[in-house]
Amino acid sequence: MSNAGTRRPGSSIKVRLTVLCAKNLAKKDFFRLPDPFAKIVVDGSGQCHSTDTVKNTLDPKWNQHYDLYVGKSDSITISVWNHKKIHKKQGAGFLGCVRLLSNAISRLKDTGYQRLDLCKLNPTDTDAVRGQIVVSLQTRDRIGTGGSVVDCRGLLENEGEWLYLLCHEMLNPYYGLFQYSTDNIYTLQINPDSSINPDHLSYFHFVGRIMGLAVFHGHYINGGFTVPFYKQLLGKPIQLSDLESVDPELHKSLVWILENDITPVLDHTFCVEHNAFGRILQHELKPNGRNVSVTEENKKEYVRLYVNWRFMRGIEAQFLALQKGFNELIPQHLLKPFDHKELELIIGGLDKIDLNDWKSNTRLKHCMADSNIVKWFWQAVEAFDEERRARLLQFVTGSTRVPLQGFKALQGAAGPRLFTIHLIDANTDNLPKAHTCFNRIDIPPYESYEKLYEKLVTAVEETCGFAVE
C-alpha cells in the first residue's frame, strides 16, 4: 500500500529508502509469532508506504524500496507492526519504530545499509520494544551548479540490466573463476584452479569491484555464495558447522571424527589430497604434516586445519584480489554492523525463482500437463511466497537454489536430472514424498486442490529426511 502524497519535487530532494529486514523483534504473544510489516511515513507530507507482510517470524525480510521527497526540515518515521493485531484497537500490534530527523537523514544518506535500534512510539509507553531494522538511504537526485535536477532513473535502470547480464557471465562456472560447492548444491565458491588463466587475479579484482558497485547502487548479484565466503568478506572466523551446507559428506565425516574414538579405525596424517584437473595433489595441513599422525589428542587441531584448508584451499590470492576490489567501493568499516546472513541479503537479495523456467523444465511421469494434479500443483506453487517456494525446491531437490543456467541444469545423483512430478497410486491420506537423488516429487491422486495444497504445505514445512530408491 502506498500513498505518494502531495509533496512537490521542486521543494525537496529525492531519496530512495530501502527497508531490508528487521531482527529480533519482541514476541508479545506467547502462542503465536507476529506477521510483521513496516510502515514508512514522511511526517507532514502525506507520503505513506507499507511493505509486504511476512508471516510468522521475529526476523522479517522485506527488501523493498520507496522513492521519497524530503524537505530540509522533514523527518521520516519507520514503524513495524504485527498485521494480526492492528485491527483490534488503536495502536494495537505496534512492534517498534525509528524516527529519522533531518540531521540523521543527512548523516545516513549514501552510507550503505545501517542497522538501527527500534524504539517506543512514546517514552511513557509500557509495552516492551526490542530489535533492530536495517535500512539504507540513497540520493536519487543529482544537483548541478545551475540548480537543475538531473533525472537518473533511466541510467540506473539500464545499469541494473547491465549488472544482471555481467554477473550472470562472470559467475558462470564454465569460465573457471567460480565453481559450485558440490555437484547438486548450487552455492558458488572461488575455484582453486582458476590460475589456469594467467590473468585470473585481475578478473577477481574486477569481480570484487562489480559486486561493490552493485551493493552501492542497490542492485543484486545473480548467484548465491557459500556461507564461508560471506564470513570471509566480514573478516569473521569459519567454523565446522559452516561446512554442512557446502559439503555435507565431509561435514559428517569430520563430526564423526570428533565424536568417536579414532584410535582403532583411522590411519590419517596431517596431509590431505585433492583433484586438480585430473591430477591428485597433496597438501600438508601444517609443516611436515605428512609425517604427523592424527590421534585422539590432536584430532581437534586436524579438524580445524582441515576446515580452514577446505575453504581457503589455493584461493588466498584470488580472495584477497576480490576483497580488495569490493572494499574500494564498500569500505570494510561499513560492513562491521552486519552478520553473514544480512550480508548475503544485501549482496544477493531474496533469491527469486523463475516459475516459467521451472514449468518449462519439469518432467511429468504418469500424468499430463492438463491433469488436475499438475494444474493444482502449479496453482499451489503460484500461491506460495518466495520463502515457501524455496522450501519446496529444497524438499524435492535438496537445495534452495537453482543453477545459474536455470532449471534445465538441475543435477541428480547420477548427472543431469529435471524436476519431476510423479503421479502415484497411493492413499490420498498420505503426504507427497520427495526423492532428492532424482529431483522427483511423488503425489497421490488427491481429490481437490484444497487437499493437495494442505498436504503439500505439511510435507514441505513439517517433515524432514528423504526417500531412497
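The unreviewed UniProt entry lists C437 under "active site". In this predicted model, C437 is found in a loop, with β20 (433-435) on one side and β21 (440-443) on the other. How accessible is C437? Its relative accessibility is 35%, so C437 counts as partly exposed; the range for that class lies between 20% and 50%.

How many disulfides does the structure contain? The count is zero, where a disulfide would need a pair of cysteine sulfur atoms within 2.5 Å.

Which elements supply its lining? At least two residues each come from β13 (185-190), α4 (227-234) and α6 (299-312). Of the elements, α4 gives the most, with three residues.

The individual residues can now be located in the structure. The lining of the largest cavity includes Q179, Q189, I190, P192, T226 and P228. Also among the lining residues are F229, Q232, R310, F311, R313 and I315. Sorted by class, this lining has six nonpolar residues, four polar residues and two charged residues.

Conventions. Residues numbered from 1 in each chain as written. Predicted model: local features only at pLDDT ≥ 70, side-chain atom pairs only at ≥ 80, totals over all residues. Heavy atoms only, no water. UniProt positions renumbered as here; feature names shortened; annotations may be inferred. Helix = DSSP H or I, 4+ residues; strand = E, 2+ residues; numbered from the N terminus. Buried < 20%, exposed > 50% of the residue type's maximum accessible area, 1.4 Å probe, protein only. 1 Å grid on protein atoms, 1.4 Å probe; cavity = no way out; pocket = protein on both sides within 12 Å on 5 of 7 lines; lining within 4 Å. Nonpolar A, V, L, I, M, F, W, Y, C, P; charged D, E, K, R; others polar.
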